[in-house]
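Here is a briefing on one protein model. Please look over the fold before reading the points below.

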Amino acid sequence: ENGDLVLVVPSLESWMLTRIIQKRWKIDHAIFNEKINGKSAQKKYNHLQQGNADIDNVPTKHYLREELQLLLQLEGFETEAIKKIEYSWKTEFIKSPKWLKEPKPWDWLIHSKKVK
């Protein structure tokens, strides 16, 4: 009662940006250039539609900013703040290019309060 909820969760937007940059500039191409057959492509697509993106080959739930707000609202929480916790590109790539500075990858930090 009268408590605060503070969450840190993976950002789906950040994951997507990372994949776009990785593909566009072929960063760590030899490592991440996986061949996907029809069955595994469908499975990955189904996972991604639910926000489940692989981290080290483990499907991990990632959240859209608006999705977090909606989920918390439906559970009776009022969002006080949503902020980005930024990380170095070295957390995403083995060989991060020196030119890659901004934007940085991020997780979502959410501060909410239970509505009375």
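Strands β2 and β3 form a hairpin with two residues between them, and D56 in the turn has a positive phi of about 50 degrees. The model is predicted: local features need pLDDT of at least 70, side-chain atom pairs count only at pLDDT 80 or more, and totals for chains, interfaces and linings use all residues. Residues are numbered from 1 along each chain as its sequence is written, and side-chain values use heavy atoms, with hydrogens and water left out. Helices (H or I, at least four residues) and strands (E, at least two) are DSSP runs, numbered from the N terminus.

- β2 and β3 (residues 58-61) are antiparallel and share four bridges. Two strands count as paired if DSSP finds at least two bridges between them.
- Within this pairing, A53 has T60 in β3 as its bridge partner.
- Helix α3 has 12 residues. From first C-alpha to last, α3 reaches 16 Å, close to the 16 Å expected at 1.5 Å a residue. The expected span is 1.5 Å times one less than the number of residues.

**Open sheet**

- Three strands make up an open sheet, in the order β1-β5-β4, with antiparallel pairing.
- The edge strands are β1 and β4 (77-86), each of which pairs on one side only.
- From one strand to the next, the twist averages 20 degrees. Axes here are lines fitted to C-alpha atoms, for helices over the stretch in contact, and angles run from 0 to 180 degrees between N-to-C directions.
- β4 and β5 run antiparallel and are joined by nine bridges. Here T79 stands opposite S112 in β5.
- Helix α4 packs on the sheet and touches β1, β4 and β5. The direction of α4 makes about 150 degrees with that of β4. Contact means heavy atoms within 4.5 Å.

**Nonpolar cores**

- Which residues make up the largest nonpolar core? There are eight: V9, Y63, L68, L72, I82, W106, W108 and I110.
- α4 (65-74) and β5 each supply at least two residues of this core. The largest share, three residues, comes from β5.
- Apart from this core lies another, of five residues, including I27, W89, F93 and L100.
- A nonpolar core is a set of buried Ala, Val, Leu, Ile, Met, Phe, Trp, Tyr and Cys residues joined through side-chain atoms within 4.5 Å. Buried means under 20% relative accessible area, exposed over 50%, and partly exposed in between (1.4 Å probe, protein chains only).

- I110 sits in strand β5. Its relative accessible area is 1%, so I110 is buried.
- Not counting residues up to four places away in sequence, I110 touches L5, V6, L7, V9, L68, L72, T79, A81 and I82.
- I110 and I20 are 90 residues apart in sequence; their C-alpha atoms are 25 Å apart in space.
- V9 is in contact with Y63, L68, D107, W108 and I110, leaving aside its neighbours within four places in sequence.

**Salt bridges**

- How many salt bridges does a search of the whole structure find? The search finds three. A salt bridge is a side-chain nitrogen of Lys or Arg within 4 Å of a carboxyl oxygen of Asp or Glu.
- K113 pairs with D4, with the closest N and O atoms 3.0 Å apart. K113 lies in strand β5 (residues 106-114) and D4 in strand β1 (residues 4-10), so this bridge ties together parts that are 109 residues apart in sequence.
- K113 is partly exposed at 32% relative accessible area, and D4 is partly exposed at 43%.
- K44 and D54 meet in a salt bridge at 2.8 Å, N to O. K44 belongs to helix α3 (residues 38-49) and D54 to strand β2 (residues 52-55), so the pair ties together parts that are 10 residues apart in sequence.
- K44 is partly exposed, with a relative accessible area of 30%. D54 is partly exposed as well, at 27%.
- K61 and E67 also form a salt bridge through their side chains (2.8 Å, N to O). K61 counts as partly exposed at 25% relative accessibility, and E67 counts as partly exposed at 22%.
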